[in-house]
Amino acid sequence: MHAPTKTLETKEKQNILLVDDRLENLLALEAILEAPHLNIIRARSGNEALEQLLAFEFALVLLDVQMPEMDGFETARLMRSVERSRHIPIIFVTAISKEDIHVFKGYEAGAVDYIMKPLDPVILISKVNVFLTLDSQRRELEKTTKSLRETIAQQEEYKKVIEKQNIALKELSIRDGLTGIYNHRHFQELLAREVALANRHDTELCCLMMDLDYFKVVNDTLGHPFGDFVLKQFVTLVKEEIRSSDILARYGGEEFIILLPNISLNDANKVAEKIRTKVETHTYKDGIRSSNVTVSIGLYCNRYHSSENGSENGSEDLLRFADKALYQAKELGRNRVVVYGPESSDEHLVCPE
Ligand SMILES: [Mg+2]
């Protein structure tokens, strides 16, 4: 077998395979085509050509039609049957008369051409160059496509990271840093939504405004770290008594608020009372200090009291009335639930039980 005489590894160079059973024809072709950017490989038979095609990547094959054993057409047919060499362009080199050229019609359009013997160097070089240019363009396109794919994949990665960061940032912006429940600002957003829903569907919406009693004393006597510890535990206790659909937020320092949609005043009152009892009986211990804390709760339900002028209950009403009830609970001696009520006056507050 005729071994390749030139390095095939150089990336910029293009490989051309010359196939002819006669060495003098190969040498003649090579003399015409020789150029610095080309690796010219020779094969003396169809079989040898197929071996070279398996070993290297070629931009073009110049294929002698008349060869003993396997002729050019058979060689081309076998080339087309293998994925690796299926799309390599072929220029048939032939002495067949122009009238018989129809035999080439069976081949893939655009990837095949022919040249007549005796060879005209100008025609040969121009035909070869057409295919070499196409091959260069294809390679460039492949490179571009590959780097484009990589860029897109990278961008997808960045996008995922940014999305995650955005989610984390969003979470941070709506949560209270100490307790992890919603902060005041986000609560206002949720409140507006819940009030609108309750008004649209004419459903109940209750609000519990809660304030830890004498919390300043806890902070002053046992220290702020312990105060923070109490606030966190308080939130844990409250969470155990509410539904996942209820909205719990830190309203201020030691003030908390809960929105309870779709619940009767009676049931909301039970929830409030459970929270109050639970908090009253809980002892906060951090291993060094311990303390008991109570909570005052103001409760307002949109059904229980409609606005004076019959207008829809707004967010402000809800907060104002719940706050009034809480104020009343403080006035009445703390550690109690006061329901904002009822029928007539804003000032008429009742303490259940
Ligand atoms: Mg021949």
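This is a predicted model: local features need pLDDT of at least 70, side-chain atom pairs count only at pLDDT 80 or more; totals for chains, interfaces and linings use all residues.
Author: Local features here need pLDDT of at least 70 and side-chain atom pairs count only at pLDDT 80 or more, while totals for chains, interfaces and linings use all residues. Residues are numbered from 1 along each chain as its sequence is written, and side-chain values use heavy atoms, with hydrogens and water left out.

Reader: What makes Asp21, Asp64 and Gln66 donors of the magnesium ion?

Author: Donors are N, O and S atoms within 2.8 Å of the metal (3.2 Å for Na, K and Ca), and because water is not among the atoms, sites may look incomplete. Asp21 (OD), Asp64 (OD) and Gln66 (O) coordinate the ion at 2.1 to 2.3 Å, so they meet that cut-off.

Reader: Why is aspartate 64 called buried, and aspartate 21 partly exposed?

Author: Buried means under 20% relative accessible area, exposed over 50%, and partly exposed in between (1.4 Å probe, protein chains only). Aspartate 64 has 1% and is therefore buried, whereas aspartate 21, at 23%, is partly exposed.

Reader: How do you know that arginine 77 and glutamate 74 form a salt bridge?

Author: A salt bridge is a side-chain nitrogen of Lys or Arg within 4 Å of a carboxyl oxygen of Asp or Glu. The closest N and O atoms of arginine 77 and glutamate 74 are 2.9 Å apart, so the pair qualifies. Both residues lie in helix H3 (residues 72-81), three residues apart, and are therefore separated by about one helical turn; helices are DSSP runs (H or I, at least four residues).

Notes
Helices (H or I, at least four residues) and strands (E, at least two) are DSSP runs, numbered from the N terminus.
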